[in-house]
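Please examine the model shown here.

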Amino acid sequence: MLQLDNISVNYGGFRALDNVSIHAKEGELVVLLGANGAGKSSIFLTISGLNKASTGSIRFGGKELVGMKPSSIVHDGVVHCPEGRKLFPGMSVLKNLLLGAYVHRADKAGVNRTLEEVFSLFPILHEKREVNAGSLSGGQQQMVAIGRALMGRPKALLLDEPSLGLAPLVVKQVFEVIQKINQAGTTVLLAEQNAYAALKIASRAYVIESGRIVMEGDRDELLNNEQVRKAYIGA
Ligand SMILES: Nc1ncnc2c1ncn2[C@@H]1O[C@H](COP(=O)(O)OP(=O)(O)OP(=O)(O)O)[C@@H](O)[C@H]1O
Ligand SMILES: [Mg+2]
């Protein structure tokens with residue numbers, strides 16, 4: 001269980017998150033909907049220890065994450081796949097993937113096992129393992145980014161806009177992979193502008209506006225909500 005209680009984050013004098021309380025139960029796929037600048041990435045950066053919360057607590061598996069080092073948070077099983085993929089374009093696919101296993105580097109056999117799992121989920125990455133990540137298509141680069149996060153052995157995976165900028169057919173593949181990862185038991189927190197596709201595979205969702213949670217509900221509640229349909233689905 002991942003639980004944020006009253007998390008606030010300021011960037012200088014600007015309050016980007018205002019008393020955000022959200023949770024994901026073990027095995028859930030929870031979607032965060034929100035327009036540009038609403039605060040989705042700020043939530044993820046705060047969970048993963050890259051942003052400092054000015055108030056509130058973040059608990060995972062009984063432990064307080066606020067104040068922990070980002071590497072320790074990964075080690076405990078909360079792994080962030082950042083917006084914009086953030087690959088090392090001049091490094092091979094394999095090296096990019098291995099970077100995700102940095103906190104597990106002492107466990108070579110374990111790292112190799114996880115790598116095999118990632119390759120079986122993304123056969124194309126095995127094929128392209130010696131190719132520079134920067135020369136792959138956008139969809140393949142997103143697979144590297146997700147694969148790298150999986151190398152951290154997430155119990156909870158934070159996916160920040162994984163479908164951004166991808167062609168519709170590729171978006172579909174990305175959502176299928178996310179669903180597969182979730183069905184294999186990983187808790188997923190997913191920020192998406194592609195609201196319909198995200199809600200389709202979600203257990204529950206939150207809507208965030210200007211740093212505040214303004215709505216929450218299960219998948220069907222939000223899919224059928226008039227405001228949500230107007231603002232985020234366009235139907
Ligand atoms: N490092 C920063 N310094 C100052 N302001 C920031 C910083 N990062 C984000 N912001 C501001 O905080 C607010 C929330 O940003 P955030 O990136 O969390 O939104 P988002 O929901 O992820 O948006 P997007 O859909 O564009 O990714 C925005 O107004 C943004 O301009
Ligand atoms: Mg963002």
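The overall form is described before the interface.

This is a predicted model, in which local features need pLDDT of at least 70 and side-chain atom pairs count only at pLDDT 80 or more, while totals for chains, interfaces and linings use all residues. Residues are numbered from 1 along each chain as its sequence is written, and side-chain values use heavy atoms, with hydrogens and water left out.

The protein has 10 helices and 10 strands, taken as DSSP runs (H or I, at least four residues, for helices; E, at least two, for strands) numbered from the N terminus. Its radius of gyration is 17 Å, close to the 18 Å given by the globule rule for 235 residues, so the protein is as compact as a globular protein of that length. Here the radius is taken over C-alpha atoms, and the rule is 2.2 Å times the number of residues to the power 0.38.

The domain assignment (automatic or from a database) gives domain 1 (2-77 + 154-233) and domain 2 (88-153). Their C-alpha centres lie 23 Å apart.

| Domain | Residues in contact with the other domain |
|---|---|
| domain 1 | 16 residues |
| domain 2 | 13 residues |

Contact means heavy atoms within 4.5 Å. The area buried between domain 1 and domain 2 is about 1200 Å², with 80% from carbon and sulfur atoms; buried area is the accessible area (1.4 Å probe) lost by two parts on being put together, summed over both. On the side of domain 1 that touches domain 2, α2 (70-75), β7 (156-160) and α7 (168-183) each supply at least two residues. The most come from α7, with six residues.

Key
Chains are lettered from A and ligands numbered from 1 in the order in which they are written.
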